[in-house]
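Reader: I have a new model on my screen and would like to get to know it. Could you walk me through it, one question at a time?

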Amino acid sequence: MTGISDDDRERVELLHRVSSSKNEFKKLTLQELKRLQELIEKKDYSHDKKAHKSKVKLLGKINVRIYELEEGRGIWG
């Protein structure tokens, strides 16, 4: 039986924070967002069409939020 890796634990913890509320997503630091992005990109969800679609959608949101934080402002202002 295989154990749960540290990366999996970290990914699940960050995903739980993100999914708990919209405000929690905006509270993530730039480093946390980049780490979550890295962890999600490594995980293969191709066997589950819905999970893969959610992965792509979340990666898009993460990219937008990273852009906002790096530019020091939101997209619209």
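**Helices, contacts and a pocket**

Reader: Which residues of H4 are buried?

Author: Helices here are DSSP runs of H or I with at least four residues, strands are E runs of at least two, and both are numbered from the N terminus. Buried means under 20% relative accessible area, exposed over 50%, and partly exposed in between, with a 1.4 Å probe and protein chains only. By that test, the buried residues of H4 are Lys-55, Leu-58, Leu-59, Ile-62, Arg-65, Ile-66 and Glu-68.

Reader: Good to know! What kind of model is this?

Author: Residues are numbered from 1 along each chain as its sequence is written, and side-chain values use heavy atoms, with hydrogens and water left out. Local features need pLDDT of at least 70, side-chain atom pairs count only at pLDDT 80 or more, and totals for chains, interfaces and linings use all residues, since the model is predicted.

Reader: Which helices do the buried residues of H4 pack against?

Author: Contact means heavy atoms within 4.5 Å. Packing against the buried residues of H4 are H1, H2 and H3.

Reader: How far apart are the end C-alpha atoms of H4?

Author: The expected span of a helix is 1.5 Å times one less than its number of residues. With 23 residues, H4 should span 33 Å. The model agrees, as the end C-alpha atoms of H4 are separated by 33 Å.

Reader: Stepping back, what pattern does the chain follow along its sequence?

Author: The chain has 4 helices and 0 strands. Its C-alpha trace spans about 50 × 25 × 20 Å along the principal axes. From one end of the sequence to the other, the pattern is α-α-α-α.

Reader: What share of the residues of the chain count as buried?

Author: Among contacts between residues at least 6 apart in sequence, 53% join residues at least 24 apart. As for burial, the chain has 77 residues, and the buried share is 23%.

Reader: Let's turn to H1. Why do its buried residues line one face of the helix?

Author: H1 covers residues 6-20 and reaches 21 Å from its first C-alpha to its last, close to the 21 Å expected. Its buried residues are Arg-11, Leu-14 and Val-18. On the other side of H1, Asp-6, His-16 and Ser-19 are exposed. Taking the directions from the helix axis to the C-beta atoms, the buried residues line one face because they fall within an arc of 70°.

Reader: Is Gln-31 buried or exposed?

Author: Gln-31 has its place in helix H3. Its C-alpha atom is 10 Å from that of Leu-69, 38 residues apart along the chain. With a relative accessible area of 59%, Gln-31 is exposed.

Reader: And Gln-37, is it buried or exposed?

Author: Gln-37 is found in helix H3 too. Beyond its neighbours within four places in sequence, Gln-37 is in contact with Leu-59, Ile-62, Asn-63 and Ile-66. At 16% relative accessibility, Gln-37 is buried.

Reader: Finally, which helix gives the most to the lining of the largest pocket?

Author: On a 1 Å grid over the protein atoms alone, a pocket is an open set of points where a 1.4 Å probe fits, with protein on both sides within 12 Å along at least five of seven lines, and lining residues have an atom within 4 Å of a point. The lining includes Val-18, Phe-25, Leu-58 and Arg-65. Helix H2 (22-27) and helix H4 (49-71) each supply at least two of the lining residues. With 5 residues, the one that gives the most is H4.
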